[in-house]
Amino acid sequence: MFVRIFLLSLFFLISVTPLSAATLADYTFEDAQKAADFRNVIEEMRCLVCQNESLAGSNAELAVDLRNEIFDMMTAGQDKDDVIQFMVARYGDFVLYDPPMKPSTYPLWFGPLFLLLIGAVLLIRALRKKSVAQETELSDNEQQRLDTLLKQPSDSKDAKK
């Protein structure tokens with residue numbers, strides 16, 4: 001049973017791989033450099049629907065439309081930088097997998113570090129509180145009660161015998 005599922009999964013993965021590769025084969029350029037630039041651009045751009053895939057890897061309708069638009073722009077003579085500037089102007093820095101360092105993207109760049117520092121400070125404070133915890137002394141009344149409890153024979157020991 002396990003072998004059957006494994007083989008079926010393997011067959012599925014092997015059959016799906018050419019389909020995703022074939023989508024990029026539709027875009028042909030006369031210049032090899034333009035083709036390389038096209039592939040770089042669509043790999044640098046984030047799919048706005050999937051958000052965790054590049055335009056090259058996504059099969060969402062919007063990703064296909066954006067790939068077609070980028071292809072049209074590059075075949076019309078625009079270079080890689082012009083296309084990237086157009087996409088950023090249209091969709092914002094979110095469309096880039098590696099957004100530039102500027103004040104509007106500081107939370108993206110420094111947010112995780114800031115949260116890590118807050119966590120470290122809270123952890124250090126908690127550990128210091130724990131190590132500095134003061135022992136409270138028992139009052140005379142509480143000490144006498146403790147002594148009498150400790151001197152009494154345990155009922156649980158008698159019950160086990």
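A disulfide is a pair of cysteine sulfur atoms within 2.5 Å. By that criterion, a search of the whole structure, which is a predicted model, returns zero disulfides.

**Cysteines**

- The cysteine sulfur closest to that of C47 belongs to C50, at 3.5 Å, which is too far for a bond because a disulfide requires the two sulfurs to be within 2.5 Å.
- C47 is buried, with a relative accessible area of 0%.
- C50, by contrast, counts as partly exposed, at 28% relative accessibility.

**The buried arginine R46**

- R46 lies in the loop that runs between α2 (32–44) and α3 (61–75).
- Although R46 is buried, it has no salt bridge. The nearest side chain of opposite charge is that of D98, 8.5 Å away; a salt bridge would need a side-chain nitrogen within 4 Å of a carboxyl oxygen.
- The R46 side chain does reach two backbone oxygens: that of F94 at 2.8 Å and that of L96 at 3.3 Å.
- Apart from neighbours within four places in sequence, R46 is in contact with Q51, E53, S54 and L55, and also with F94, V95, L96 and Y97.

**The largest nonpolar core**

- The largest nonpolar core comprises 22 residues, of which F38, M45, L55, I70, V83 and M87 touch the most other members.
- Two or more residues of this core come from each of α2, α3 and α4 (80–91).
- The greatest contribution is that of α3, which supplies six residues.

- V83 is in contact with V41, I70, M73, M74 and Q78, when neighbours within four places in sequence are left aside.
- M87 is placed in helix α4 and counts as buried, at 0% relative accessibility.
- With neighbours within four places in sequence again set aside, the contacts of M87 are M45, L66, I70, G92 and V95.

Notes
Residues are numbered from 1 along each chain as its sequence is written. This is a predicted model: local features need pLDDT of at least 70, side-chain atom pairs count only at pLDDT 80 or more; totals for chains, interfaces and linings use all residues. Side-chain values use heavy atoms; hydrogens and water are left out. Helices (H or I, at least four residues) and strands (E, at least two) are DSSP runs, numbered from the N terminus. Buried means under 20% relative accessible area, exposed over 50%, partly exposed in between (1.4 Å probe, protein chains only). Lys and Arg count as positive and Asp and Glu as negative; His and the chain ends are not counted. A polar contact is a pair of N or O atoms within 3.5 Å; within protein, one must be able to donate a hydrogen and the other to accept it, and residues adjacent in sequence count only if both atoms are side-chain atoms. Contact means heavy atoms within 4.5 Å. A nonpolar core is a set of buried Ala, Val, Leu, Ile, Met, Phe, Trp, Tyr and Cys residues joined through side-chain atoms within 4.5 Å.
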